Amino acid sequence: MKVTVDLVCHAVPSPLIYKQYINMCSTKLGQKVMSINMRYKQTYGWSHRFSYCFYFENGQKAVDPVWVVNWGKIFFSQMINRPSCHSCKYSNLDRPGDFTIADFWDDKKNRPDLYSCEGTSLLMVNTNMGLGLVNKLYDSIDLWKITKDEAMQPCLIRPTCSNQRRQEFWEFYLLRGFDAAYKKYFGDSKYVITKKIVKQIVKRVLRKLQ
């Protein structure tokens, strides 16, 4: 029996840009970055406010380091996504898989009874085979029925829109390289960096006082 699963996807970023971002972070942070947890829940839980944890080759880690812009700022700029993502034919309710899985982002707002700081997943059943499998698992997992309106999210309606400056970014990147493009389009100002440092110091002091 073959079971197929598809994802509600925001977009797929350029692997080249991501690789160069990792290399830049390794240089700026003074340690080789091995991976990034882009849903680090210990800071804000599962919410629209993301926190990023960088894991280094020496076993140490850094949460939201001030010396680099977190990947989310680059990814959600909509300037580095693959062009096909902006015309994706799967950004609708006509799903190809037996199941569709996604984050259930609005559980705290629309269905607070389902909210969990660890996150709640959306499971859409698209075929009779999928329905049969869910019925078999019903007593083994926590499931709640929701309406189509409660399940709806932007990428189930339309593809993620491209940034109007996307072509400008890529032309600049191809001409000047990643470091220059990062500084121009994503880099924090000295004021913002200083503000972040002050916030981190205040948080540390408050933690010690508690």
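Select glutamate 150 and arginine 111 in this predicted model: the two side chains form a salt bridge, with the closest N and O atoms 3.4 Å apart. Glutamate 150 sits in helix H6 (residues 148-151), while arginine 111 is in the loop between helix H4 (107-110) and strand E6 (121-125), so the pair links parts of the chain 39 residues apart. Both glutamate 150 and arginine 111 are buried.

Next, select aspartate 6 and arginine 95. Their side chains meet in a salt bridge, 2.8 Å from N to O. Aspartate 6 belongs to strand E1 (residues 5-7) and arginine 95 to the loop between helix H3 (71-75) and strand E5 (99-103), so this bridge ties together parts that are 89 residues apart in sequence. Aspartate 6 is buried, at 11% relative accessibility, and arginine 95 is buried too, at 10%.

Move on to arginine 165 and glutamate 168, another salt bridge at 2.8 Å, N to O. Here arginine 165 is partly exposed, at 39% relative accessibility, and glutamate 168 is partly exposed at 33%. The model has five salt bridges in total.

Finally, show helix H7 (residues 166-176) and helix H8 (residues 178-185). Their axes are 7 Å apart and the packing angle is about 140 degrees, which means H7 is oblique to H8. On H7, select Glu168, Phe169, Phe172, Tyr173 and Arg176; on H8, select Phe178, Ala180, Ala181, Lys184 and Tyr185. These contact residues comprise seven nonpolar and three charged, with no polar ones.

How values were computed. Residues numbered from 1 in each chain as written. Predicted model: local features only at pLDDT ≥ 70, side-chain atom pairs only at ≥ 80, totals over all residues. Heavy atoms only, no water. Axes fitted to C-alpha atoms, helices over the stretch in contact; angles between N-to-C directions. Helix = DSSP H or I, 4+ residues; strand = E, 2+ residues; numbered from the N terminus. Parallel < 35°, antiparallel > 145°, perpendicular 65-115°, else oblique. Contact = heavy atoms within 4.5 Å. Nonpolar A, V, L, I, M, F, W, Y, C, P; charged D, E, K, R; others polar. Salt bridge = Lys/Arg side-chain N within 4 Å of Asp/Glu carboxyl O. Buried < 20%, exposed > 50% of the residue type's maximum accessible area, 1.4 Å probe, protein only.
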